Every structure is written in C-alpha cells, then in structure tokens.
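Have the model open as you read.

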Amino acid sequence: MFDSDIADYFSEHGPLARALPGYRSRQAQVELAEAIGQTMRERGTLVAEAGTGIGKTWAYLVPAIVQGGKVLISTGTRTLQDQLYGRDLPRVREALAAPVSVALLKGRGNYVCHYHLDRLQGDDRALKSRSEGAQLRKIQRFAGISKTGDRADLGDVPEDADIWQRVTSTRENCLGQDCPRIRDCFVVKARRQAQEADVVVVNHALFMADLVLRDEGVTDLLPEADTVIFDEAHQLPDTATRFLGSSVSTHQLMDFGRAMEAAGLAYAREAANWGEVSRQLETAARELRLACAPLERMPGRKATFEAMPEPDVFDAALAHLHEVLDAAARALLGVAEKHPDLMTAGRQGAELSARLARWALPGRDGKSSPQALEAGWGTDANLPAQESAHTTGSAADTALHSPSVDVSAVFGVAAQGPMVRWVEQGLHHVRLHAAPLSVAQAFSRYRKPEQAWVLTSATLSVHGDFHHFIAQLGLQEARTARWESPFDYASQALLFVPQGMPEPQSPQFTERFVQALMPLLEASPGGALVLCTTLRAVERVAQGLADAFEQAGHDWPLLRQGDATRRELLDRFARLDHPVLVGSASFWEGIDLPGEILTLVAIDKLPFAPPDDPVIEARLRACRAQGGNPFAEYQLPEAALALKQGAGRLIRTEQDWGVLMVGDARLVEKPYGKRLWRGLPPFARTRSLDEALAFYARRAQPA
C-alpha cells in the first residue's frame, strides 16, 4: 500500500500529470477516487454515478492499484474489457510506477481450444466453404504463436465467423483434466494468471457465470478478491437476469443429435443404432415445433407457459421429446468410458435433459402434468426425473456426479424465488426460456461481508434517485453518490422535440419522424446516429430515409443495423463523410464518436420496454399484485435510464456539440415527461425547428 493520499496522485504536479500529456485535474474525479478508496478500506458498498467526462476509469484504477489487495474489475462488454486491460491500466500503472501484476480473463468461448482445433483440422467435411478453410489456417497459425489464444487478437477472422464456435470450447464439451492438450490450454493458463495477479479484468457475463457456479459449489471461475469494481454497472440487472435463468432450443437439441451420432459411430458403433437414435430425436424436436405452430398468432410469436395455446398438445410433445433425449443421453453415458467424445456428448445430453425437466415442472396445476408423469418426470419442480428401481436413473441423475455438468440447470439454487417461463418461436426453431422474477436476492447474497463493492456508471439514477437500481440488485444498504459531468451542456447541445408529431402508435409516425429529421440532417455538418426502440422501426426508418435521400438528391451514406457487425458499422461511420446510421438497442450505449464525427442524435420514441416481454410483463403483474404502481415504479425508471444512455451518445468530450432530437412528443406533453427530461443532461431545449437550425448555423461560424 502506498503512503500518499489518493488526492495527491491527481494533483496538477502529481504522477498522473507528469506522465500523461494534456492531463487536467478535476475535482469531481478526485472526490470519486477518494470515495472509492474509503469504500475499499471500510469494505463497504458504493453505488456511484459519474457523469460523462469525469474520468471514472482512472478514478477507480488509482485506488485499485495503490491501496493493495486483490481487485477484480468487471466491465459491461468485452470491448471495454480489452480497452481497460490494453490501454488504461498500463498507462496508469506506468504513471504510478506501481509494481502490481494484472491479468485479463474472459469466458472460455473467447479462447482457441487446441483439442477442438485439432479435431476440425482432421475433418474436411466439417468445413462449410473454402473461406472457412482459409479461416481455419489463420486460426491454426495464430494458435501456434499466440501467448493468450484470445480470439480478439486475431483480427483477420471476423468475430462473428461461424468457425469460432467449432474451434472454441463450452462447459458442455470441454474435456477438463482428461483433455490430451491440457498442458497447452489457453483457458487454464488465463485462469492461472488471474489467480496470481493483483488486478484482474473480467466482464459482467463471466462474473455472473461464476456467481451461478460458485453458488452451486461446482467450481470457481474467478479468484477470490478483496474488492470488486463494476464499471458500466447499469447493465448488471439485465446480465444477472440472463445468467440466473436458462434456455434450451431445438437448435441445441439438433446439434446434440449430430454430435451424438458422430461420436457413437466413431467410438461405440456396436452399442446402439446411433443414426436411428439421432433421427428419433430430430423427429421429436420437429414435433415440438409443430406443437408450437399456434404461436404464430401470438404477439411476438411467444407465450408464457401458462398462456400456451393448445397446452395439452404442447405438453405431450415436450414430454415425448424429453423421453427421447433422456434415453439418448443415457445410451451415451453407458459407453462414456470408451472415449472422451462420448463422455462429452453424454454430459451435454444430460444437461439438456435436466433443463427440459426443470422447465416443464411444475405443471399448469402446480404439479406434474399427466404427460410428464407418463414420461417418467419427477413431481418435484427442482429435481431431475428418476427412473424405476430396476434402472440406473435418468441421464441427468447419472451425470450429476460429473464436475462438468451444470447442476444449477437441474436444481436452480442460484435463482431463488419465482421464475418466469415462456416459449419463443423463431423461423426454424423453438426456444424455451426461464428467468427469475427478481435477481435481488441471488445477486446481493454473493456480496461477502469482508469484500468491498463499487458499482459505477453514468446512468444509475433517475434525476438523482437511485432507488430503482439498488432495489433491482438488492443493495439497499449501499452508500450512493453522484457527480455531475463537467461539460457545458447548455451551450454544447440542444434538445429538440418537434411540434405537431402524431402519437407514437400512429401509422403516420415514421413518415413524420423522417420528415422532421431531414432539415436537421441537411444543417448538421457531421454524422447522425438515429436510435430506434425496435428492430422493426430500424427497417421502417432506414427505408424512409433512403426514399427521402433519393427524392432530395442526397448521396449520404446510409448504414443500418444488421447490414454488418456493430464494430464494422461504427468503423465505417468514423471514416465516411456525413454518414447516417440507424440502429436499435445495442447502439444506445457504449459508443464514442467525438468531435464532428457525430453532431446529431435522433431518437424515434421513448424507450419504454415492449409490453410483450414475458419477464417485464410478469414483473409488472407482481408489482401490481403487491399494491404498487408498475408504470411509476418500473416502466418509467427503466425508460428514464435508457433515454439517458441514448442521449449520452451526443456529447463525449468538452469539444463535442450537436442536437438531440426526440420525435416522441410525450416527453414534453405528458405529465410524466418532466421526470424523463429532467433526468437528461441539462441541454438547452426547444420545440422550434428554426431555433434548432439557428443552433447549427451559430456553431458552424468560425470563432
């Protein structure tokens, strides 16, 4: 531990100023760093909202480095994780001349697996095209020279390339200590380095995966830490909901069937007619899809378990699928000692079987359905099926002794409390989802008394009120604090809500939104980011803009979500002249386009969560049942935080400027709108198009 006060490191003559050109001391940054240091010393919990421009990254890195102890830093995305580990941490560590060791740890799917790479190399039939052959050769060369095996370091193969799924491992198909390449394993090396390092950088997804596994006593992915710092902490409730739930799809079942058939034919041909077993599984999965055909008439092509149309048909198809799946997994586990691939496939089948069993129980009357009983499923909602006394038990039960099986999928201990179950129909698949109604109990239970927790982001409060965020995570005892952004929003930015806009649900809304946007696009010197609340709106707005550009004779580059990866679209945006990018959820946050690269952000509608989302619907229903007001207590705070995230894309530095246009007049015309715009940065505000155009004209004049 260093002797100096934390404030000394941030002074005009301190080590940061000496080592970093252009460094300026900010009082808010110093206060935030001191609050974090105090939290670390007291082993407390701090929820800190730090406005854009404060420098929260350095504010937590300095105490993390100088106060000693093991520190775990969890980021919202892998991109931010790489930036923190590759840029920010080295700069601060060097500036402080601190002899601390650091490590980067991601989920296993980010590391090349030598075993699966070797298997793919020997199977030309597994390659889908010549381009995949070229990608495979690049990955092979990379695996031979890389020290980390992190796929993010190989830019020559696209991050969304299908081949990555076949040269990385999952918990289901990892051979663990039985792997012949265990000594070379990049995952093992990364975890070993993390155990030994002083500061470890992870992401929220990996943190939550560790929470689930550690809670079930299966294994620890992450090292023990004295302090955990969550950056972009506003993402934690959604990440926790995703990881404390589970899902199983007919796609996964088909993949299992193919893996089972390949392993069975290769290593235990005499044990079963593997081709027939695989066909039975495929037929049962297809029958489940047919049983879900009525979902096509449901909003969003999905329904909760309780609201499934033709439930008897669905229950029977699901019970039959589980029976076939369990038999297949049992057959594999019966010959598992013959080869690791048989064991891996057997474990995968057993886990899928357990997920199906847990998802279907209890039945619609709170007990096992008749179809489930006929298929041999147990009557306890949290236990796997048990076979009759003269058999060896279900595949799930047989595999429970294996350390590689996700026991939480069977018992669901981590996600205590009510669960929401729903079925979603895709174009060629059906997916069964389960998610906790609340993550507060499970998440807060992971907080150890001897540990310090710091949760920070630019968007944690609604006009200074943290209640919604801390209640979601069960952190009612946390200390809360906020620091305003140092930017001069009143002169740098203008909030414009056009007059005469139709209601958001009106068929004319998109057309009017595009019409209102066009004059701003013509006046704005830089690029424009158009944020929509749904993917359907992205298509409609993008098409409307394309038509308007053609009619007006503009050849501006028009980019839309789905045309390329997020990273590719943003790279193009930064290079092109006057680009217009239309995107949805993933573009509302985590985007930095400083200067005149971006001078216009347009939001079509207020970001209220879709009413057909089963988890949100269940949470609203629970709030209402407890005598609460779901709109005021849940929907409005969620929309306020999302709106603040989207608006935050506009001003990222002291030199940025531009217009934020919100096409939804409810922001200023409804009583609740005041609560929403008050939560935004203090932009100047207008409803006059002439004033918005005059703002651009003034900013365009030379100083």
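Pro362 is found in the loop between helix 15 (340-360) and helix 16 (370-374). Helices here are DSSP runs of H or I with at least four residues, strands are E runs of at least two, and both are numbered from the N terminus. The bond that joins Leu361 to Pro362 is a cis peptide bond, with omega about 0 degrees. Glu310 lies in the loop between strand 7 and helix 14 (311-334). As background, most residues other than glycine have a negative phi, and most peptide bonds are trans.

A word on the ground rules: this is a predicted model, local features need pLDDT of at least 70, side-chain atom pairs count only at pLDDT 80 or more, and totals for chains, interfaces and linings use all residues. Residues are numbered from 1 along each chain as its sequence is written, and side-chain values use heavy atoms, with hydrogens and water left out.

**The sheets**

Now for the strands, which pair if DSSP finds at least two bridges between them. Another open sheet has 4 strands in the order 6-9-8-7, and here the pairing is antiparallel. Strand 6 (246-249) and strand 7 (302-304) stand at the edges with a single partner strand each, so one side of each has no neighbour in the sheet. Neighbouring strands of this sheet are turned by 15 degrees against each other on average, direction ignored.

| Strand pair | Sense | Bridges | Example of bridge partners |
|---|---|---|---|
| Strand 3 and strand 4 (residues 199-203) | parallel | 3 bridges | Ala103 and Val200 |
| Strand 6 and strand 9 (residues 430-436) | antiparallel | 4 bridges | Ser249 and Arg431 |

Helix 25 (residues 614-625) lies across strand 7, strand 8 (419-425) and strand 9, at about 145 degrees to strand 8. Axes are lines fitted to C-alpha atoms, for helices over the stretch in contact, and angles run from 0 to 180 degrees between N-to-C directions. Contact means heavy atoms within 4.5 Å.

**An aromatic pair**

The structure holds 19 aromatic pairs (Phe, Tyr or Trp rings, the six-membered one for Trp, with centres within 6.5 Å). In one of them, the rings of Phe230 and Trp453 have centres 5.2 Å apart and planes at 75 degrees, so the pair is edge-to-face; planes over 60 degrees apart count as edge-to-face, under 30 as stacked and the rest as tilted. Phe230 sits in strand 5 (residues 227-231) and Trp453 in strand 10 (residues 452-457), so the pair ties together parts 223 residues apart in sequence.

**Two packed helices**

How do helix 6 (residues 114-121) and helix 7 (residues 130-145) pack: at what angle, and how far apart are their axes? The angle is about 140 degrees and the axes are 11 Å apart. The two helices are therefore oblique to each other (under 35 degrees is roughly parallel, over 145 roughly antiparallel, 65 to 115 roughly perpendicular and the rest oblique). Helix 6 brings His114, Leu117, Leu120 and Gln121 to the contact, and helix 7 brings Leu136, Ile139, Gln140 and Ala143.
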